[in-house]
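Subject: Structure handover

Hello,

Here is the structure you asked about, with its sequence. My notes on what was found in it follow below.

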Amino acid sequence: MEPLRQDYNYTNTKSDKVFLNGQWIGNHNYPGELLREIRQMRRSNKCNQLPKEYSIVRDIDKREIKIYTDSGRCLRAMFIVENNELKLRKKHVEKILTKEWNFEQFFRNGLIELLDVEEEESCMIAMFVQDIDKNRALKKYQYTHCEIHPSMILGVCASIIPFPDHNQSPRNTYQSAMGKQAMGVYSSNYQVRMDTLAHILYYPQKPLVITKPMKYLHFEELPSGCNSIVAIACYSGYNQEDSIMMNQSAIDRGYFRSVFFRTYNDRET
């Protein structure tokens with residue numbers, strides 16, 4: 001890859017433009033080799049100047065190679081698949097079970113790599129390891145990666161939904177947006193913090209049904225909301241639809257009660 005020069009013919013149809021974080025830095029006559037070489041350097045961890053967090057994408061239609069190293073990109077870890085063979089072996093799993101390896105060793109040995117949304121568009125990702133084995137006989141797809149676990153496609157809010165496969169997909173989408181508005185104990189040290197605005201629920205409760213990601217997110221220790229007993233029934237008709245009637249005695253006992261904190265700035269001259 002060469003830098004921009006005044007005497008260079010940038011209209012060469014045989015070369016691809018190379019962009020670094022959206023800035024055109026040059027052209028390359030062998031884009032396929034450049035793509036393979038940079039990905040191999042990222043997986044082998046041979047070059048300290050190329051961290052594992054960057055991504056490289058080739059747009060064949062536009063004849064462009066896009067390299068991203070900026071912050072703020074959402075990255076997901078995935079198993080690397082080469083020639084429809086998963087590079088991870090049983091010996092590697094045993095090393096992490098015996099704590100001989102940590103998660104970082106998987107990156108250094110080219111078994112797992114991080115992909116952002118841009119690079120995922122140009123990858124063929126298997127949902128299960130069994131899909132790779134079935135495809136090897138059929139030779140239908142050319143997989144490039146495999147999910148560590150199918151639940152890894154979900155974010156934090158979607159991971160705490162119990163039985164999401166029993167809901168309509170729009171309901172899971174709504175909960176992923178509204179779950180961030182749930183009230184509980186947002187931090188264990190809220191009493192010594194000086195936040196501008198804070199809400200604390202008086203009696204937050206652990207959910208009756210939990211998911212596995214909840215344990216890793218410590219949702220059992222800092223829960224949001226209360227377990228409510230709900231009765232769905234007609235109340236004399238009158239077209240009542242989108243409303244709730246609550247037990248007054250439960251409200252008096254502290255049901256859904258919360259405290260509100262606000263930091264004020266005062267000055268005396």
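**The sheet and its helix**

In this predicted model, four strands make up an open sheet with mixed pairing, in the order β2-β1-β4-β3. Its edge strands, β2 (23-28) and β3 (55-59), each pair on one side only. From one strand to the next, the twist averages 20 degrees.

β1 (residues 16-20) pairs with β2 in the antiparallel sense, over five bridges. Within that pair, Val18 is opposite Gly26 of β2. Helix α1 (residues 31-44) lies across β1, β2, β3 and β4 (64-68), and it runs at about 165 degrees to β3.

In soluble globular proteins, nonpolar side chains tend to be buried together. The largest nonpolar core here has 15 residues, of which Leu86, Ile132 and Cys146 touch the most other members. Elements giving two or more residues to this core are β5 (75-82), α3 (103-108) and β7 (112-116). β5 supplies the largest share, three residues.

There is also a second, separate core of eight residues, with Leu34, Leu35, Ile38 and Ile56 among them.

Back in the largest core, Ile132 has these contacts beyond its neighbours within four places in sequence: Val81, Asn84, Glu85, Leu86, Ala126, Tyr143 and Cys146.

**Cysteines**

How many disulfides does the model have? The count is zero. A disulfide is counted when two cysteine sulfur atoms are within 2.5 Å. For Cys74, the closest cysteine sulfur is that of Cys157, and at 13 Å it is too far for a bond. The sulfur of Cys123 is likewise too far for a bond, because its closest cysteine sulfur, in Cys146, is 13 Å away.

These two cysteines also have their accessibility on record here: Cys74 counts as exposed, at 55% relative accessibility, whereas Cys123 is buried, with a relative accessible area of 14%.

**Pro207**

Pro207 sits in the loop between β10 (197-201) and α8 (212-216). Is Pro207 buried or exposed? Pro207 is buried, because its relative accessible area is 19% and the cut-off for buried is under 20%.

Setting aside residues up to four places away in sequence, Pro207 touches Met214, Phe219, Pro223 and Asn227. Pro223 is 16 residues from Pro207 along the chain, and their C-alpha atoms are separated by 7.5 Å.

Regards

How values were computed: Residues are numbered from 1 along each chain as its sequence is written. This is a predicted model: local features need pLDDT of at least 70, side-chain atom pairs count only at pLDDT 80 or more; totals for chains, interfaces and linings use all residues. Side-chain values use heavy atoms; hydrogens and water are left out. Two strands pair if DSSP finds at least two bridges between them. Axes are lines fitted to C-alpha atoms, for helices over the stretch in contact, and angles run from 0 to 180 degrees between N-to-C directions. Contact means heavy atoms within 4.5 Å. Buried means under 20% relative accessible area, exposed over 50%, partly exposed in between (1.4 Å probe, protein chains only). A nonpolar core is a set of buried Ala, Val, Leu, Ile, Met, Phe, Trp, Tyr and Cys residues joined through side-chain atoms within 4.5 Å.
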